[in-house]
Amino acid sequence: MRRFSWLVPTVYILFLMLPIYWLVSMSFKTTNEILGSFTLFPQSFTLDNYRVIFTDPTWYMGYVNSLIYVSINTVLSVCVALPAAYAFSRYRFLGDKHLFFWLLTNRMAPAAVFALPFFQLYSAIGIFDTHLAVALAHTLFNIPLAVWILEGFMSGVPKQLDETAYIDGYSFPSFFVRIFIPTIAAGIGVAAFFCFMFSWVELLLAKTLTAVAAKPIAATMTKTASSSGYELGLLAAAGTLTIIPGAIVIYFVRNYIAKGFALGRV
Amino acid sequence: MNKTENQKAWFLVLPVLVLVAFNAIVPLMTVVNYSVQETFGNNVFFWSGISWFEDVLRSPRFHAALGRQLTFTFTILAIEVPLGVLIALAMPRKGIWVSVCLVLMAMPLLIPWNVVGAMWNIFALPEIGLLGNALNALGFDYNYTRQPGDAWFTLILMDVWHWTSLVVLLAYAGLVSIPDAYYQAAKIDGASSWAIFRFIQLPKMKRVLTIAILLRFMDSFNIYTEPSVLTGGGPGNSTTLLSIDLVKIALGQFDLGPAAAMSLVYFLVVLLMSWIFYTVMTRDDEANQ
């Protein structure tokens, strides 16, 4: 049976690739061809859709804006989550379990519910339509996740490591930065991957909190869909390009996943 | 692990607390504020007590949306979790194919949600889409914009396509972390592959699967962008999940009071169910400490 087990992932990957193939093949078709008939391969192969995106700043700045707020969010979430996860994995303190669950509840808050209040809050403090606004809003669901993942990795590291370091004369900050962080580098990689992923794919809050200056690519796409008719080829090209940053990120963290983690003691 | 009692640990948690509280509490209070008031526009508000909550709890529309939401969430959990574990078990453990599998499988996770919705919208169109065209060519009468059953099928297939990989990645990471010694011991004992799965692999994957299941539960309950782009809740109301209904009420009809009351009820439902999941799944952990 083991000999045929490669079939399962192969079939699954084929299933995953079909819609992606359809998107990529549409991006090389003209809108007329897409709407006119069913063609398995592009008949009149064109690169026009990509040319529009790379020459029009309203298009390519969307990618830049998205990348900026996603990066701010990832760095911010991981940096504040690190000490908190350490506290949860090493110490018992007043209300720790309640606090941990309260953090998780913020992931449960439906973005559809919070979009409007967020808009009012961020307008009131004057950061509406900045990259910082989106990055801050996304910390609501990314920080709890980062704390959760990092806590898992940290509780897999034996406490003797900390104690030996203190005996050797390390202070807490220097132990944390010079010994502990390198030890859980894989955890930081995985947490950063998830923060990047959830911030990159989110649209509702990102769209609500921006107008022009920090407009994400996904919002540019929805605006185009409604304003200039239905330029399917162009949208497909823009969609195809949104896959690339994610593919690069997963390429860099694949080894952390391949090496395995149990998020706790093994 | 034995944890030390240390109240100073609060200082380490403080940055997270401040950031999340800023983001969570002010907007939540805004919603609570709307939920107990009546407005006739022009920013004039009247106190209306808990009447909106009574309306929501009695409204057949809310019950219907909640029912659809529960059906959706439990269907996708029942498909994605076993399927994800199965694929993770069948994946290679060493060599170049591991990287190829991981990178390709992670791709759907990294596509913006509106692109996922738009992509499936066209992919499933009966005439010009690959899926719709293929199904019709095979003799099925498939049209997801007209038939509620087809719309549900498309919606669930899209979610399985989109999110099974999350379960696969986490389950796979858990599986790989199991030391070889466990398998050797099992081999000596002559354990069947089911016994290995039940008594070695499943317990060792518990923490990662807890995260996978809870994430899928919470995120599928809050799903908005993909179904709203794919079907817009239609045909009729057949795929109007909770978030879509909420946005229809809040922005479409601009009924802030009822929408806010509904949001809170909705939030409490997610909270309660997540709490049950969380307690059940982490109970053994506590017992071990």
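How far does helix α1 (residues 7-27) of chain A reach from its first C-alpha to its last? In this predicted model, that helix of 21 residues reaches 30 Å, close to the 30 Å expected at 1.5 Å a residue.

**Helix α1 of chain A**
- Although its reach is close to the expected value, α1(A) bends by about 30° at Met17(A).
- A proline, Pro19(A), follows the bend within four residues, and Pro19(A) is also one of the buried residues of this helix.

**Chain B as a whole**
- You will find 13 helices and 3 strands in chain B.
- The C-alpha trace of chain B spans about 75 × 65 × 30 Å along its principal axes.
- Of the 289 residues in chain B, 41% are buried.
- Among the contacts in chain B with a separation of 6 or more, 70% come from residues 24 or more positions apart.

**Where the chains meet**
- Chain B brings 78 residues into contact with 81 residues of chain A.
- On the chain B side, helix α1 (residues 9-35) gives the most, with 14 residues.
- That side of chain B has 58 nonpolar, 15 polar and 5 charged residues.
- Strands take part in joining the chains too: strand β1 (residues 91-92) of chain A and strand β1 (residues 4-5) of chain B run parallel, joined by 2 bridges.
- Look for Arg92(A) here, whose bridge partner in β1(B) is Glu5(B).

Note on methods:
Residues are numbered from 1 along each chain as its sequence is written. Chains are lettered from A and ligands numbered from 1 in the order in which they are written. This is a predicted model: local features need pLDDT of at least 70, side-chain atom pairs count only at pLDDT 80 or more; totals for chains, interfaces and linings use all residues. Two residues are in contact if their C-beta atoms, placed from the backbone, lie within 7 Å. Ala, Val, Leu, Ile, Met, Phe, Trp, Tyr, Cys and Pro count as nonpolar, Asp, Glu, Lys and Arg as charged, and the others, Gly among them, as polar. Two strands pair if DSSP finds at least two bridges between them. A residue is buried if 20 or more other C-beta atoms lie within 10 Å of its own, exposed if 12 or fewer, and partly exposed in between; C-beta atoms are placed from the backbone. The expected span of a helix is 1.5 Å times one less than its number of residues. The bend at a residue is the angle between axes fitted to the seven residues ending there and the seven starting there.
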